[in-house]
Structure formats: C-alpha cells, structure tokens
Amino acid sequence: MKKKWWKEAVVYQIYPRSFKDSNGDGIGDLNGVMEKLDYLVELGIDVIWICPMYKSPNIDNGYDISDFQDIMEEMGTLDDFDRLLDGVHKRGMKLILDLVLNHTSDEHPWFIESRSSLDNPKRDWYVWREEPTNWESIFSGPAWTFDETTRQYYLHLYAEKQPDVNWENPDLRRALYDMTNWWLDKGVDGFRLDAISHIKKDYSNMPNPKGRGYVPAWEKMTDVEGILDFLKELREETFARYDVMTVGEANGVTTDEIDEWIGEKHGVMDMLFQFETWYLRKPDEPCGVNVDALKGVLTRWQEAAQGISWNALYVENHDRSRIVSTWGDDKVYWRESATAVGFMYFFMQGTPFIYQGQEIGMTNAPFEDIVLYHDVKTLNFYRYKKAEGMAHEAIMKMIKMNSRDHSRTPMQWQGEGYGGFSTSKPWLDLNPNYTWLNVEAQRQNPFSVFNLYKQMIALRKEKEVLVYGTYKLFKTWYACVYAYTREDEKEKVLILSNLKDELCAWSPPEGAVLLLCNYGAEDPYSLRPYEARVYQLKK
Ligand code: GLC
Ligand code: CA
C-alpha cells in the first residue's frame, strides 16, 4: 500500500459559524478559527477541513453559495482567509475546503442570468423543465420550483434557494474546474466534495406528477450511471495536477464500487464518507446502536478497502446529531461512552475525522420548542410533516433526536459568558451544559474526553501499525463489545470497546500490554460499562 501524507493525518472538521466568534457579533468567523489554531496543535491535528465560508445568503449556512471566489461578510474577507491559510501552514498543518459542486445559491450571478430568459447563454447551466416530476427534495417538499419569469420549473435537490447546476453542460463544468483551480493555486491542500454522488441525474421515464404527491426518487439522483465520467474529468482537470487530498460526501456509493470511486489505481477521489452507519438507526428509534450491525457494516468497508483503497473514518459531522447522544449514553455514562465510541472508530484503517466538540463529548441540545431550531432542513421537515397532518409531538420527537442543529450549537470553550464562543448572544443557542462541559474544564482533568482524544491521536502517531496495519474483527463472547486487531510485520494491536451499559467478563490474552484505557485502573477480569482499551499483543 502506498504511503501518503493524508493517510497518516488526523483531520478536524470546523463548522466556522459555530466555532469561535472574534468580533462579538455572535457569529463564528475566520479570525476566530485563527485564534484557535494553537488549540488544534495541542490536540495533535494535522489537517483542518473548514465548512463553507464563501459568499452566501446563508439559508443553508453557507452551502448556498452566491460567489465561489469571495468570503461571506460575517466570516471575514479574502485577506483574512489568506492569513488563516498561512497560519495553518506555519504551524505545520494543512487546510482543506468544502467544495460545493452540485448547486449554487439562487443569488449566484450564474442563476440570475439563467433564470432571466429562455435564450440566455447560461440557461442550460441549470436544469429547467416545462413539466416537473414528482421527485421529493432531500430537504422535504417538491424538488422543482416554478419560476414566473420564464414560466418553467428549476430543479433543486436541496432547498428552493439552492438550484442544481447542470453537469451535462460543458461550459458549466469548465467554470467549476477553473474556480476549483483558483483555490488550488492559492495553496489549499484539498477538498471535501459536498453532495458529490448527486451531480448526475437520470431524467429518463420521468413520472407524471399530477395528483400523486412528492416521492423520494433516490435512484434518479444518486450515483447515477455515467457519474464517474464527470468525476474523472473533474479529477484530471483539477486535483490530479496538485498534491492534495480529496474526500467525497458519497451517500449511496457501496463497497462494490470502492475500486472505481476511490481505488488507488482508478479512483476519482482519495476517500469517501459512506452513509451506511447513518441508516443503522431509524429516525424515530430511541438511542443506542445495534453493535452487531455496526460490526457488519464497518468490517465490510475495512475489508473491501484493504490493499486497494483507503477509508475515511468518522462518527460525527455537521449533519448528524451528536454521537454520545445517539450511540452512547449522554447521562449516566457520558464520559465513558463518548470515549468508547471514539476508541471504536479511531484506530481502524483509514484517515480519522473529528468533528468540532466531539473531542469534548458535546451532546445533543435539549431544545424543546421549534423556535429554537434554525436549520433549513429541520424547519422544512416540520413544515411539510405538519401539512401532511402529522401531530406536532410526533414531529418534535424526531427533530429532538435528529436535527442537524444538535451538532451546530456553539463550541463550548469555557463555563462562563457565552461559553467563550462569543461576547454576545450567539446566532444559535448554546447547549446549557456548557457550564460544566467545556474545553477549559477538561484540559485540567487527565481522564477527560479531551485528554483521551489527545492520547488517542498521540498513540496513532506513535504506531505505524495503527495507520497502515491490516484490520481484523476480533471475536469476543459479547455482542456489545466491538473488538478488532491491527497488524503488520512487526506489531499487533488489539482495540476493544464495550458499547453498552453491561459488565462483560474478559481477560487480556497472555503477554498483552495495556496501552490506553478510558477507565482509571485496569480490571483484569472484566470490561465495565462502555469501557474501552488498547493493547499491544505478543507477536
Ligand atoms: C451536504 C452538506 C449539508 C448541506 C447539503 C447541501 O449534505 O453536508 O450540510 O446542507 O450538502 O449543500
Ligand atoms: Ca463574528
């Protein structure tokens, strides 16, 4: 397997709106990120992925871009960006951007032109139809919106204000590649490719919408035949010319497609975020994870990539609720379960991603009232479910478990003021537990989630086997224990995570040396609730 800098890296994802506000307007910004770079160095981070900070009317917090080559006012300026990039590089880290190629804002000049007349040269840069289909948008409601000016419908897989660009048009593609290269020439170190499995659509046999309501049309808009031709061209025209890393948000791509998508020889990008672990829990089911199902999914991805490709490892991001509140137990075993889930995914083969706040075990927000929510997906969901006749309580139950706002509450730096995030009221309320759950408190405690994450990162850096070694599922008697080994010619390491509130009889193999544990002293006969350990095994 080829060695690469990005295989050895640990990535930290920043949602800049909620990370650190530098000028007291309640909104995180680029200078705020700058202020916290040394914190990321302290944690041991190598690469920062920053979510969109481009010019945007902000209906989807920056994923609706009106100018790809400028910075949104609230975030700062292009000069601030250049200083940030420089600050990251000076500290020996790298910076990757979120590249949104599936859609723009309806306020992007391209769309303004496109919608202006039927024969505008940019008409075909977006998708226009006389008759819409009954496709449902990923953000609820119809995926087509009628536009008065030309009396046609345009397509938007996401919000109404996020029209999809038309990848079938070569001029549009060229414009996207030029924009991408502009950032690469500035010196950014790669991209996370937003919604990339949706860029091609299948318009054949479009169903007649009349009288049928809106239905999910997943196969028409996800990983559609021919998408790899677009992605190959994208790669050749941009990334392939630079030493950068790329990771695609690739909902719907399966382990059978690993070679074509991310194979070392033929792949169109370096890594992808698989979505299968999201679907292990239904949106209206209570917390907890089926550990056997989890072992099945993750082991399949590990084995399929072994020797030919590379995994992106993650349990949180800005679109998911907090992991300690979904797979863990954010009440009784908060500290233990936050770290047990951490141990479980962090030492697999692949590049680990940590989402801001995950390293201190931030939890879902206890927001009861819909007015406290901000996310466009959540609010659309509420609106359309209500219109379909679902009861308020039933909708709120799902929102309280799954809203994207749970991961977007401001970063909890300290216990007073506005959590050290800002000097004024933040754009989205803080989770009230910031008074005790914060960076400052955890820095001082050697067994805190923060300090365990720090040790996990350090251990991965110290042992090459934890980067390149082969993954193998390790059988124990307990379904709730996720255990696996990593092995190379020289070393063998065992990772165990008890992912339930159960006591499991277990003794370490002879000669095993404990490297890391999320409980104080080792118990030689059992794994306690949510206990996780890493052992060096005799080889
Ligand atoms: C991706 C992003 C999400 C955004 C959507 C539309 O799924 O992660 O936050 O809303 O694309 O750009
Ligand atoms: Ca600000």
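Predicted model: local features only at pLDDT ≥ 70, side-chain atom pairs only at ≥ 80, totals over all residues.
The calcium ion, ligand 2, is coordinated by Asp21 through OD, Asn23 through OD1, Asp25 through OD, Ile27 through O and Asp29 through OD, at 2.2 to 2.4 Å. Along the chain, the donors of this calcium ion follow the spacing D-x1-N-x1-D-x1-I-x1-D.

Let me turn to the packing of helices, and begin with α11, which covers residues 334-346, and α15, which covers residues 449-462. These two helices pack at an angle of about 15°, with their axes 10 Å apart, and that angle makes α11 roughly parallel to α15. Their crossing is right-handed. On the α11 side the contact is made by Trp334, Arg335, Ala338, Thr339, Gly342, Phe343, Tyr345 and Phe346, while α15 contributes Val449, Leu452, Tyr453, Met456, Ile457 and Arg460.

What is the arrangement of α12 and α13? Helix α12, residues 376-388, and helix α13, residues 392-402, pack at an angle of about 155°, with their axes 10 Å apart, and they are therefore roughly antiparallel to each other. The crossing of α12 and α13 is right-handed. In the contact itself, Thr378, Phe381, Tyr382, Lys385 and Lys386 in α12 meet His392, Ile395, Met396, Met398 and Ile399 in α13, and the residues of this contact divide into 6 nonpolar, 2 polar and 2 charged.

The remaining pair on my list is α3, residues 78-90, with α5, residues 170-186, which pack at an angle of about 50° with their axes 11 Å apart. These helices are therefore oblique to each other. Leu78, Phe81, Asp82 and Leu85 of α3 make the contact with Trp182, Trp183 and Lys186 of α5, and here the division is 5 nonpolar, no polar and 2 charged.

Now I would like to move to individual residues, starting with Val534, which lies in strand β20, residues 532-536. At 0% relative accessibility, Val534 counts as buried. Which residues does Val534 touch, if we do not count those up to four places away in sequence? The list is Phe343, Phe347, Leu459, Val493, Leu494, Ile495, Val513, Leu514, Leu515 and Leu516, and Phe343 is a residue we met in the contact of α11 with α15. The C-alpha atoms of Val534 and Leu496 are separated by 6.4 Å, although these residues are 38 residues apart along the chain.

Tyr15 sits in the loop between β1, residues 11-14, and α1, residues 30-35, and it is buried, with a relative accessible area of 2%. Leaving aside its neighbours within four places in sequence, Tyr15 is in contact with Cys51, Asn61, His318, Tyr355, Gln356 and Arg408. From Tyr15 to Tyr453 there are 438 residues in sequence and 19 Å in space, C-alpha to C-alpha.

Lys122 lies in the loop between α4, residues 109-116, and β6, residues 128-129. Is Lys122 buried or exposed? At 18% relative accessibility, Lys122 counts as buried, because the value is under 20%. Lys122 touches Trp110, Glu113 and Ser114, again not counting residues up to four places away in sequence.

I will finish with two backbone details. Ser140, in the loop between β6 and β7, residues 144-147, has a positive phi of about 75° although it is not a glycine, and Ser140 is buried, with a relative accessible area of 17%. Tyr530, found in the loop between β19, residues 526-527, and β20, has a phi near 55°, a positive value in a residue other than glycine. Tyr530 is buried as well, with a relative accessible area of 6%.

Note on methods: Residues numbered from 1 in each chain as written. Chains lettered and ligands numbered in written order. Heavy atoms only, no water. Donors = N, O, S within 2.8 Å, 3.2 Å for Na, K, Ca; no water. Axes fitted to C-alpha atoms, helices over the stretch in contact; angles between N-to-C directions. Helix = DSSP H or I, 4+ residues; strand = E, 2+ residues; numbered from the N terminus. Parallel < 35°, antiparallel > 145°, perpendicular 65-115°, else oblique. Left-handed = near helix turned anticlockwise from the far one by under 90°. Contact = heavy atoms within 4.5 Å. Buried < 20%, exposed > 50% of the residue type's maximum accessible area, 1.4 Å probe, protein only. Nonpolar A, V, L, I, M, F, W, Y, C, P; charged D, E, K, R; others polar.
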